[in-house]
Amino acid sequence: MTPMADADDALIARFDAPASALDSIARDLTRQMARGLVGEPSSLKMLQTFTRQPSGRERGRVVVVDWGGTKARAGLVELGGDGAVRMVAEEALTFSEADKRGAPEPVFDLIARAVGRVARAQGVAVAPLAFIYSYPARLERIDRAVALGSTKGWALKGLEGQDVAGLLAAALRRAGLERIRVAAVANDTVATLMLQSYRARGRDAGARPADVGLILGTGTNLAADLGPAGIRNLESGNFDGVAAVEIPYDAALDREVDEPPPGAQRFEKMVSGHYLGEILRRALLDLGPPWRGSSALATPFALDSAHLSRIAADRTAGLDDVDALLRGLGAASTAAERRGVRALGAAIARRAARLVGTALVGTLRFLDGELADRRTIAVDGSLWGGYPGFEALARESLVDLVGGERAARIVTAYVKDSTSAGAAVIAAVAATQRSE
Ligand code: GLC
């Protein structure tokens, strides 16, 4: 073996996440859930959601807003009442880096204007609106959500402490849309969970609803149905019990990224799409030439998880697509170097997937310490859906932690593009709750 390959192997081995370490992480997560629920110090906020599982018979037309990353969407969704959902119209918006650091109102105005275009095109003047706000927020009612610190690179000035549903309602008024009423606000994890439950129960009224909603995209987070405590948004991206597998790259990334601040979103910084490419970039620079010569690779966040997925998907002997990708970033490479990049990317993604499996086990053990019952995890997000074999990697850690028999009772359902459709379900459930 060449010295280069040895260096690669040693670097790659640092991303191992052995079962014993994961087990202690899962147990810590279960404990922190319990503490968060009773208001004791915990990195898990266990936020209330003010919604409940759908019956599957919800129907009607709902205007939806999905804001949770670099993009936002405004749309119109129709629920058929038998688990069916139709996206009638949708428009996507992209935000600039400047938008992310300015005042909140211009962002809400952009969203409200998109709502206006969708509503006018569909001839909708009066309608309930469901707002998926996929950042930490403390709900006080189904239609009132006080923003907590931002995540995923956003840092709007003065947003913290404000009611985001109220801000959207004000922007809708400014856009002349006062008859489109913000009826519900929720997190994306809750939307995923609710959509899966709606579909399952719409087909079969006796079907068990989803137990957990998981997002694995730009960010990561979990919602779980805790029975008497209701459906909770864990904000699990902020889970801090990661020391057992943390390596210096993680500590440096945490220290050097200013939004979210050091110490916040520790789990998310090791697991989600916003950060995996950045971990790879940092590790590559340590491998030395040819990566250090690339000015693109010297730029923070030059690699993202779509790059990671692309690297993993290249099945050619010479890794031709990896070559093209790296050339695009100004780095020429040999086939052996590209194999090193690919193995490193795979190790980073594998660790992320194993940590996701670990968080699921920690959450499910809170529901049922023995994992005796069948459980459904509704999952959405670009990393879960886009990284080749991510689910299989996550399942490996389930088996490592709870054994094959129990792991087989943990069912994952991939609910693609669930946010807007799930939002409509939440608004429809809110309407039933109000009429009771
Ligand atoms: C971040 C947000 C959280 C969201 C997740 C997935 O962790 O804080 O609210 O659910 O990203 O989009």
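This is a predicted model: local features need pLDDT of at least 70, side-chain atom pairs count only at pLDDT 80 or more; totals for chains, interfaces and linings use all residues.
Residues are numbered from 1 along each chain as its sequence is written, and side-chain values use heavy atoms, with hydrogens and water left out. Helices (H or I, at least four residues) and strands (E, at least two) are DSSP runs, numbered from the N terminus.

**The six-strand sheet**

- E1 and E11 belong to an open sheet of 6 strands, ordered E1-E11-E10-E9-E12-E13, with mixed pairing; two strands pair if DSSP finds at least two bridges between them.
- Strand E1 (47–48) and strand E13 (410–414) sit at the edges with a single partner strand each, so one side of each has no neighbour in the sheet.
- Helix H12 lies across strand E9 (212–216), strand E10 (220–225), strand E12 (375–380) and E13, and runs at about 165° to E9. Axes here are lines fitted to C-alpha atoms, for helices over the stretch in contact, and angles run from 0 to 180 degrees between N-to-C directions.

**The five-strand sheet**

- Another open sheet has 5 strands in the order E4-E3-E2-E5-E8, again with mixed pairing.
- Its edges are strand E4 (85–94) and strand E8 (180–186), each with a single partner strand, so one side of each is left without a neighbour in the sheet.
- From one strand to the next, the twist averages 20°.
- Strand E2 (residues 59–67) runs parallel to strand E5 (residues 127–133), with 5 bridges joining them, and Val63 stands opposite Leu129 in E5.
- Helix H5 (residues 164–174) packs on this sheet and touches E2, E5 and E8, its direction making about 155° with that of E8. Touching, or contact, means heavy atoms within 4.5 Å.
- Helix H15 (residues 418–435) packs on the sheet too, touching E2, strand E3 (71–80), E4, E5 and E8, at about 125° to the direction of E2.
- E2 and E3 run antiparallel, joined by 9 bridges, and form a hairpin with 3 residues between them. Here Val65 stands opposite Ala74 in E3.

**Helix H2**

- What span should the 19 residues of helix H2 (residues 19–37) have? At 1.5 Å a residue (times one less than the number of residues) they should span 27 Å, and the end C-alpha atoms are 27 Å apart, which agrees.
- Buried residues (under 20% relative accessible area; exposed is over 50%, partly exposed in between, with a 1.4 Å probe and protein chains only) in H2 include Ala21, Leu22, Ile25 and Leu29.
- The buried residues of H2 pack against helix H12 (335–367) and helix H14 (390–408).
- After H2 comes Gly39, whose phi is positive, near 80°.

**Where H9 meets H10**

- The axes of helix H9 (residues 273–287) and helix H10 (residues 305–313) come within 7 Å and cross at roughly 65°.
- H9 and H10 are therefore roughly perpendicular to each other (65 to 115 degrees; under 35 counts as roughly parallel, over 145 as roughly antiparallel, and the rest as oblique).
- Gly273, Leu276, Gly277 and Leu280 in H9 meet Ser305, Leu308 and Ile311 in H10.
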